[in-house]
Amino acid sequence: MDYIKDILNRLIDMYERREGFKKEPSSLRVIQADIKKTYPEYVDRYNHNVYKYINTAIEKLINENLIESKADESGKYEKVKLNVESIAECYKRVKRIDIPQRCEKIKEVLDLFKDKNLPVLCGIVSDWSKLISNYKKLPYDIKYDKERLFNILKILEAILGLGRESYIRNFSTAMFNDSKRFQREFKSTVESILFDYTDEVVEKDKILEYYNLYENPTYVYIKGDIVIKFEDSLIHVREINGGIALSNSALEKIKEIKVIAKSVITVENLTTYHDEDEKDSVYIYLGGYHNKSKRVILKKIYDENKHCEYLHEGDIDVYGFLILENLREKTGIPFRPLNMGVDTVKRFFDAKIYKELTASDINMIEKKKEKLGEYKQVLEFMLLHNCKVEQESIRAVEILN
């Protein structure tokens, strides 16, 4: 081990934790390390070489006026004290950059992105600039890493500017000329940042889809008595067992949609889509978060089929209700909840087919209780009994019964 470098790095770490760079040296508490506790091998009588190496390192640092220490009668050093007046030399000795300089470099990176016409990105840059102005580490384990910061901000700028469905590997290649680097190094961090800074309530594992970035192509699944007209063809969906799956690019080419059934039901889960078989309903599974192209097709269905009843069947949890509210707001369609009331959740609860609420669920219910006033009764039941239910549980209950 390079004991000179290790001793100095430990003392500098303590200096930084105590924010010594913001204080006068005279007002700073003594910064020192206990050699015997730090290096137990130092007092191992059978390991004389380590004792010799550590003493040599300490004596050299004393001679360079970087630390202060005194040996006892046996020649051992108990504590070494950082000479704060020589802190600049200490940084040079271990080839480290002090925090004020690192913060200045971070600020230069943040300034590159502060005027982008992207509200989410501007909010992130503003918050992080305040932290850096106070010499605080950046969150999401970025700390003072300017290269990682630049890459993350570059990624965020690109994602927030996506106007159509894109795929992660293609995105990673465009960013880094490496199809796997985004997933390997940045995906988890970027998901956390977007989850925290996005006003819409979207579950973290769906947040990239919300911004049009997908693992693979997604499809809208449609089944039931509905006729879809393209430029040169007509599809009677009820004649196809299990319905059809249309890609986003196919949605854009639809010319006309006629619903023969009485109701249109969007479902949150693919299993629910496959399970349902009501003859008087058209079922639509959006295949992930309802992005722009999927909202366009829903609006087209509604505009051309105002006579239908519009329902949504989702999970009975706070996110299920928020998805329904978001669907209403973004499409303007008066969707009503289906199988999402107290009677349904009670049925699942009595059958012991439910999950317990997480701390995040409870916090979100409290945070969004005004927005979710329509669902007050079912939310109160969930809180009282500490339960939430996935829509797949409908068939599970039937299997048990």
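Predicted model: local features only at pLDDT ≥ 70, side-chain atom pairs only at ≥ 80, totals over all residues.
## Helix H6

Helix H6 runs over residues 119-133. At 1.5 Å a residue, its 15 residues should span 21 Å, and the end C-alpha atoms are 21 Å apart, which agrees. Buried positions in H6 are Val 120, Leu 121, Ile 124, Val 125, Trp 128 and Ile 132. Viewed down the axis of H6, the buried residues fall within an arc of 125°, so they line one face of the helix.

That buried set packs against helix H5 (99-113), helix H7 (146-160) and helix H9 (181-197). Pro 119, Lys 130 and Ser 133 are exposed, on the face of H6 turned away from its buried side. Tyr 135 follows H6 and has a positive phi, near 60°.

## Salt bridges across the sequence

The model has 27 salt bridges. One of them joins Arg 93 and Glu 64, at 2.9 Å from N to O. Arg 93 sits in helix H4 (residues 87-93), while Glu 64 is in the loop between helix H3 (48-63) and strand S2 (67-68). The two are 29 residues apart. Arg 93 is partly exposed at 33% relative accessibility. Glu 64 is partly exposed, also at 33%.

Glu 390 pairs with Lys 355, with closest N and O atoms 3.0 Å apart. Glu 390 lies in the loop between helices H17 and H18, and Lys 355 in the loop between H15 and H16, so the bridge ties together parts 35 residues apart in sequence. Glu 390 is partly exposed at 35%, as is Lys 355 at 45%.

## A salt-bridge network

Shared partners join Asp 178, Arg 181, Arg 184 and Glu 185 into one network. Within this group, Arg 184 and Glu 185 form a salt bridge, their closest N and O atoms 3.8 Å apart. Arg 184 is exposed at 52%, whereas Glu 185 is partly exposed at 32%.

Notes: Residues numbered from 1 in each chain as written. Heavy atoms only, no water. Helix = DSSP H or I, 4+ residues; strand = E, 2+ residues; numbered from the N terminus. Expected span 1.5 Å × (residues − 1). Buried < 20%, exposed > 50% of the residue type's maximum accessible area, 1.4 Å probe, protein only. Arc of directions from axis to C-beta. Contact = heavy atoms within 4.5 Å. Salt bridge = Lys/Arg side-chain N within 4 Å of Asp/Glu carboxyl O.
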